[in-house]
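Please look over the structure below with these notes beside you.

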Amino acid sequence: ATVSRVIDGDTVVIDSGQRVRYIGIDTPEVYPEMEAYGMEAWQANRELVEGKEVRLERDVSETDEYGRLLRYVYVDDTFVNAELVRLGLAEARGYPPDTKYQGLLEQQESEARQAGRGMWAK
């Protein structure tokens, strides 16, 4: 799929018009109110995926309660969900049953916290 629009740090719209919510992470909100690091997460996500062809990987669930596709997202060799956590712009947040990469995401968050990256800056 191609990302036509980035809504925030963890949600995009693909060329089919469907919204895709990244699995296993949570980023600060942009709407209705800008949270700390919300703009940085949104901008980083835009740099990673906007206008680019992405590979979408499903876990157990197809969609969330809002009808968004739940997916792990890749651009070339970059695992976007993990990259946002690594940059300190997303928290690892498991929502069972979709937890295939939760260990990796939690490890990335731990490293970002220790390094003081993004929202984990002192």
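1. Asp-76 sits in the loop between β6 (69-75) and β7 (78-79), where strands are DSSP runs of E with at least two residues, helices are runs of H or I with at least four residues, and both are numbered from the N terminus. Asp-76 is called exposed because its relative accessible area is 68%, given that exposed means over 50%, buried under 20%, and partly exposed in between, with a 1.4 Å probe and protein chains only. Although Asp-76 is not a glycine, its phi is positive, at about 55 degrees.

2. Before going further, please keep in mind that this is a predicted model, in which local features need pLDDT of at least 70 and side-chain atom pairs count only at pLDDT 80 or more, while totals for chains, interfaces and linings use all residues. Residues are numbered from 1 along each chain as its sequence is written, and side-chain values use heavy atoms, with hydrogens and water left out.

3. Which residues form the negative surface patch? Asp-76 belongs to it, together with Asp-15, Glu-53 and Asp-77. A patch is made of residues with over 30% relative accessible area and no salt bridge, like charges being joined within 9 Å and nonpolar side chains (Val, Leu, Ile, Met, Phe, Trp, Tyr) within 5 Å. A salt bridge here is a side-chain nitrogen of Lys or Arg within 4 Å of a carboxyl oxygen of Asp or Glu. Asp and Glu count as negative, and Lys and Arg as positive, whereas His and the chain ends are not counted.

4. The loop between β4 and α1 also deserves attention. Tyr-37 is found in this loop, and it has a positive phi of about 70 degrees although it is not a glycine. Tyr-37 counts as partly exposed because its relative accessibility is 29%. Pro-32 is found in the loop between β4 (25-26) and α1 (38-49) as well, and the peptide bond leading from Tyr-31 to Pro-32 is cis, with omega near 0 degrees.

5. A cis peptide bond also joins Pro-96 and Pro-97, with omega about 10 degrees. Pro-97 lies in the loop between β8 (91-92) and α3 (102-115).

6. Finally, please look at the hairpin that β1 and β2 form, with 4 residues between them. Strand β1 (residues 3-6) pairs with strand β2 (residues 11-14) in the antiparallel sense over 3 bridges, where pairing requires that DSSP finds at least two bridges between two strands. Val-3 has Ile-14 in β2 as its bridge partner.

Note on methods
Accessible areas come from the Shrake-Rupley method with a 1.4 Å probe; for residues, only the protein chains shown count as cover. The place of a charge is taken as NZ of Lys, CZ of Arg, CG of Asp or CD of Glu.
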